[in-house]
Amino acid sequence: RFIAKPCAINLGIQDSGPHRAQPNAILEKVFTSITKCPDGKRLEGLSKQLDWDVRKIQRWFRHRRNQDKPTTLTKFCESMWRFTFYLSIFFYGIRFLWTAPWFWDTRQCWYNYPFQPLTSRLYYYYILELAFYWSLMFSQFTDIKRKDFLIMFVHHLATIGLITFSYMNNMVRVGTLVLCLHDASDFLLEAAKLANYAKYQRLCDAFFMLFGVVFIVTRLGIYPFWILNTTLFESWELIGPYPSWWLFNGLLVTLQILHIIWSYLIVRTAYKALVRGKVSKDDRSDVESSSEEEDVTSNSTKGVFSTSSNGSNRINGHMASGQWTEE
């Protein structure tokens, strides 16, 4: 409120929402009581009842669905908050782990287990991360609807389960490695969103490409060959198959499966960026175009600006530019 909003206003981001739908009692009743996405048969019936063109009715429903979406200013403030948290907690974790012996030798995670001291810095690191992921769990139901809602829900459940489980079983050493590794790329994605909202497209593309590289290196390289190696094999060798070994590693492998899915989405988006010359929209988001111009120019731009089945959002004036509406 006191930092992000003034920054957004100085960057020229206006607190204006999508185009609002024209008031219409009949369409409003259908929208609130029957369906928000009418099929072709219902559209034809409404067209005859109102003497409106079908495309005009489609446009009305699209505007009505979008008018409750958060403004670009709201999304900028949310991304700036997440960017601040991810960046701060990542540097806190790196500073703390740099002097930790298990950061350089993962076998140290299991020496003298479970009789390992819980320092105050370890405690606060864990509590901050747990509180943040709980907040993401609840805010997911009020944030912008995304196609990967179920994947994110599973991710948050697995993350909260891992943090809680590892804390209760004093596996905080390997837990800090997992947390720091995941924070390494998240702040870069939020930086890309901020640049996109502020209309710095080249900066947005650069941040996203950097995010993609860091994400794939950490989640598909370091995570399986460093983290999973120590939890699956080194722990078995040093302390044996403890009772919760299967549950702990099951959650970690679940995270790895999610990493593979997201890496595919990132590579697909990066490929589109190389083809089109700029980062394409976030394939996870279900925000639709609310611009009249899209309908007017749809025929002339067909084949140049491809859209998904639910439309392509024109955020900040970029018809085919990146749409970074979050995790």
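Leu43, Glu44, Leu46 and Ser47 of helix H3 are in contact with Val54, Ile57, Gln58 and Phe61 of helix H4, where contact means heavy atoms within 4.5 Å. The residues of this contact comprise five nonpolar, two polar and one charged; Ala, Val, Leu, Ile, Met, Phe, Trp, Tyr, Cys and Pro count as nonpolar, Asp, Glu, Lys and Arg as charged, and the others, Gly among them, as polar. The structure is a predicted model, in which local features need pLDDT of at least 70 and side-chain atom pairs count only at pLDDT 80 or more, while totals for chains, interfaces and linings use all residues. Residues are numbered from 1 along each chain as its sequence is written, and side-chain values use heavy atoms, with hydrogens and water left out.

H3 spans residues 40–50 and H4 spans residues 54–66; their axes lie 9 Å apart, at an angle of about 110°. Here, axes are lines fitted to C-alpha atoms, for helices over the stretch in contact, and angles run from 0 to 180 degrees between N-to-C directions. H3 and H4 are therefore roughly perpendicular to each other; angles under 35 degrees count as roughly parallel, over 145 as roughly antiparallel, 65 to 115 as roughly perpendicular and the rest as oblique.

The protein as a whole has twelve helices and zero strands. Helices (H or I, at least four residues) and strands (E, at least two) are DSSP runs, numbered from the N terminus. Of the 327 residues, 50% are buried, that is, under 20% relative accessible area, with exposed meaning over 50% and partly exposed in between (1.4 Å probe, protein chains only).

On the H7 side, Leu122, Tyr125, Tyr126, Glu129 and Tyr133 take part, and they meet Val172, Gly175, Thr176, Leu179, Cys180, Asp183 and Asp186 of H9. The contact of H7 with H9 is made up of seven nonpolar, two polar and three charged residues.

Turning to the aromatic side chains, there are 26 aromatic pairs; rings of Phe, Tyr and Trp (its six-membered ring) pair if their centres lie within 6.5 Å, and planes under 30 degrees apart count as stacked, over 60 as edge-to-face and the rest as tilted. Trp60 and Phe61 have ring centres 5.2 Å apart and planes at 80°, so the pair is edge-to-face. Both Trp60 and Phe61 are buried. The rings of Phe90 and Phe91 are also edge-to-face, because their planes stand at 65°, with centres 5.6 Å apart. Phe90 is buried, at a relative accessible area of 14%.

Ser244 sits in the loop between helix H10 (201–239) and helix H11 (245–276), and counts as buried at 15% relative accessibility. Leaving aside neighbours within four places in sequence, Ser244 is in contact with Phe165, Asn169 and Met171. Ile3, in the segment before helix H1 (4–10), is exposed, with a relative accessible area of 62%. The C-alpha atoms of Ile3 and Cys77 are separated by 8.6 Å, although these residues are 74 residues apart along the chain.
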